[in-house]
Every structure is written in structure tokens, then in C-alpha cells.
Amino acid sequence: MLSVFDLFKIGIGPSSSHTVGPMLAGRAFAEQLVRDGLLPAVTRVQVELYGSLALTGEGHGTIGALLNGLEGQEPSSVDPDHLSQRTRALQADEDLLLAGSKRTSFCFGRDVVLHKGLFLPRHSNALTLTALDASGVVLLARTYYSTGGGFIRTEEDFDKPETAYPDPPYPYATAAELFALCRREGKTIAEIVHANETFWRSGSEVDQRMEAIITTMREAVERGCCTDGILPGGYGVRRRAPNLLRKISALQATGRRDLSLWPMLYAFAVAEENASGGRIVTAPTSGAAGVVPAVLMYYTNFYPHATEQGQRDFLYTAGAIGLFYKLNASISGAEVGCQGEVGVACSMAAGAYCAVTGGNVKQVEVAAEIGMEHNLGLTCDPVGGLVQIPCIERNGVAAERAVNCAQLSRLEDGRQRVVSLDKIIDVMYRTGIDLQATYKETSLGGLATAIGEAWDKN
């Protein structure tokens, strides 16, 4: 089992697999050099990117994140402005401050290698870091895989459990097992998850972590709604959330009661923050980070019986659903397409919103299942390797869809549903494996090439 706090990571955009994961890998490599007593002998570090990291890493900020990780930065605390400044300096061949202290000669053109046509067999997101001494002798070489949502694995531990939590009071591996526990114990999904979390950590630590996540999500919505301008990357994509906020507020002021555009607006706000490299929460990934906060803020601002406990229950429920996908399928766009990112986020948000607006366990399952069923086959084909087109709109559409899925499920008892949540998770994974590689975060097919051709012609 994993904790919901393994899934909800506070980090920076634009991608958990291409930004958060590589930064963590760089930091882990530097820490290994320190532990092994090798740091003083290092005179050069070489970075090699493979597969999706090589193909879309430049647009996703992979190289800068990885280099800053080698300097000791971590996603949860790095200043986005510092990250961009240090990246520019290192691209200009300024010395690398390995582990934050060891000044190491660095030549960007020599020491960063992109293997754009080569995929390693373990996973589409792979990178190798090599530390050498003055004679060119390899002191340490390690391959890392960024498996989605900011999770990283090494070659040595790829097949081992990702974490070693002791068995909790309510162990489960599948949705069916969790739902059976809920029925047997007479508890909600959130209550079961909370009981496990407070078994692994103190109640105060759990509360503090959850409050930090809620605060970060809310602040991302607020910043995105108030920040205008052009997103980085060269395509001239303008932030739309501030203008949408003005227009939707004006419609509401005229007496229009249609609230369906608010989740879309909130998701735009967070997705635009993510695309600009701002601070967000992986939910389950950075590329899909707008959906869950959007529906959470919609619950907070518009559901008449919303409470602070309801906010926490929303995230416990969403986290449990997201972990089913992480443990039994994938949340990596480079492995299964965007159905593993935005599709999973839609499923998480739908089930969570259903839960906190009065849905029973079966209705929560149905909402989560519908949320994924109609995202099956969703490709990951970002234009220019940037997390902008179609990613931002896709977050918005998924947020609105999640609310509708939850409302639909609450109108029915769920007994007529043929497909279970576990079954749709399995189908999603098999569908993702069947997708051609060009549709899995490579920018080599689909919308990425269509827009690229049109852009070139203009």
C-alpha cells in the first residue's frame, strides 16, 4: 500500500514525470555521492535522457529540473524563479554546484545528451547520471525511471515495492477490497483512509500535511485566476483564467444560475500555473493537476453544506481512487497516454465529489468508473512538448465532467452498472499499452504534429 501523501506531492510544474521526478532523481544522485564519500573527487557529471524525457523534456523543463536537483533543490521547496535563473546560468556553462556545495565544471553542450530515438526497456521515462573524476574514471553511474506522479525508481529497485509501510489496520489493494471494508466496518472511504494514515503517522502530522495540500491547491487556483500574460514556450498561448473569471462573474451578476463553468475556470487557473512552472500539487500528476483542485474549490465555494472536514474527506477519497490506478495500472502519460493522467484525475474528482455531497460507497464507485470510462483511449500528444495545448483545456473539460459524473451517479443506485471500478482500471491499462508510442508523450503524433505543421506553414 501507499499513502495518499505519496500521491499528492507539492511541487512545481509543468510535469510530475518530466520535472518533479527528474529533480528528485538528481537530488538522490547527489546525496548518494555524499553518502559514498565520492563528492570531493567528482570533476564532471554527465546527464543522459531517453525516450519521452528526451523527446519532450525541453518543453517540460526536464533538464533544468534535473540540474537543479543535482544542486540539492527539491520540488516541494524550490523557488520557481531561482529554478529558471539557475537553469539559464547552467545553459551558459556556469559551474554546477553539485549537492549544493561542490563546484564542478559544466559544459551544457557536452554534458547533457538527449537520446531522442532510444527508449530503455523498463519505462519510457528514463535518465542516466554519471559522475567522473579528473582522469575520466566513472565514480558512480545510476539509471532512474520517472514512472509518473513524481515517483522515481532505480534500475536496482524497479521491481521492488515503492515503499515499506507497515501493515495498516485496514489493508486493501483493490477498489473492491476497500469497498468491502467500508461495508463491513460501516465506515466511509475517507474514514478508512484516515485510519490508515494516522496509523502510519501522528494525527497532527496527518492534519498538517492535508492542510498544506489544501492550501497549495487553493493558492494555485487564486494565483491562476489573478495572473494574466503569455505562457512560456514560444507558441504565444495566453492565460485565459483571469478573463474567464471576469466574464463568468458578470454572467452570475446578471442572475444566471448556471454554475457549470466554475470547475472549468478553476482547472484552467491551476493548469496555467502548472504550465508556467508554478507551485502545484500532483493529483495524480502535474499535467492533470487542475482537475482535483478545481472540483475541490467548486465544492468549497458552491456546495451549500461544504465544511473543512468535507475538504479533507474529498482528498482522502480522491487519493484512495488515484492510488488504485497507481498500484494496479499506471498514472504515466508516457506509458498509457493522457487517460492515465487527466482520465485518472477525472475519476478521482468524480468519486470524491460524489462522496462529500452525500453519495454512498456504491455511488462513489460508479462516479469514479464513469469518470474513467469516457476518457478511455485519451492520447498524450502535447504541442511542442509543452504542457499547454491540449492539456489546459483538457483539465477544464475533465473537471466539469467529474462534477456531472458525480451528480449522475447520485441520481441512481448503481446496481445496474455492469463495469466495476477495478475492471475499468484494468481496461485503461491494457488500452494504454496498446496505444502506439507516438501517442504517449512524445509529441511525434496526433495533435502535436497537426498543429506543428499548421504552425510551420504560418
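Which residue takes a positive phi in the hairpin of E6 and E7? Gly136 does, with phi near 85°, and the hairpin has five residues between its strands. Before going on, the ground rules.

This is a predicted model, where local features need pLDDT of at least 70, side-chain atom pairs count only at pLDDT 80 or more, and totals for chains, interfaces and linings use all residues. Residues are numbered from 1 along each chain as its sequence is written, and side-chain values use heavy atoms, with hydrogens and water left out. Helices (H or I, at least four residues) and strands (E, at least two) are DSSP runs, numbered from the N terminus.

Strands count as paired if DSSP finds at least two bridges between them. E6 and strand E7, residues 138–148, run antiparallel and are joined by seven bridges. Within that pair, Ala131 stands opposite Leu140 in E7. On to the next partner: E7 is also joined to strand E8, residues 151–154, by four bridges, again antiparallel. Here Tyr145 faces Arg153 in E8 as its opposite residue. The hairpin of E7 and E8 has two residues between the strands, and Gly149 takes a positive phi near 70° there.

Next, helix H3, residues 51–60. Buried means under 20% relative accessible area, exposed over 50%, and partly exposed in between, with a 1.4 Å probe and protein chains only. By that rule eight of the 10 residues of H3 are buried. They are Gly51, Ser52, Leu53, Ala54, Leu55, Thr56, Gly57 and His60. What do they pack against? The partners are helix H2 (16–35), strand E2 (44–50), helix H4 (62–70), strand E5 (112–115), strand E6 (125–132) and helix H14 (333–336), with contact meaning heavy atoms within 4.5 Å. After H3 comes Gly61, with a positive phi near 75°.

Now the backbone exceptions. Most residues other than glycine have a negative phi, and most peptide bonds are trans. Ala99 has a positive phi near 60° and lies in the loop between strand E3 (96–98) and strand E4 (102–104). Is Ala99 buried or partly exposed? Its relative accessible area is 27%, so Ala99 is partly exposed. Ser443 also has a positive phi, near 60°, and is placed in the loop between helix H18 (421–434) and helix H19 (447–457). Ser443 counts as buried because its relative accessibility is 18%.

There are cis peptide bonds to report too. The bond from Ala283 to Pro284 is cis, with omega near 0°, and Pro284 lies in the loop between strand E9 (279–281) and helix H12 (291–302). The bond from Ile389 to Pro390 is cis as well, with omega near 5°. Pro390 is in the loop between helix H16 (361–373) and helix H17 (391–410).

Last, the cores. A nonpolar core is a set of buried Ala, Val, Leu, Ile, Met, Phe, Trp, Tyr and Cys residues joined through side-chain atoms within 4.5 Å. The largest has 97 residues, and those touching the most other members are Phe8, Leu178, Met217, Phe314, Leu315, Tyr325 and Leu421. Helix H15, residues 342–356, gives the most to this core, with 11 residues. Leaving out residues up to four places away in sequence, Phe314 touches Val292, Val295, Leu296, Ala349, Ala352, Tyr353 and Val356. Apart from this core lies another, of 26 residues, including Leu98, Phe108, Val112 and Leu127.
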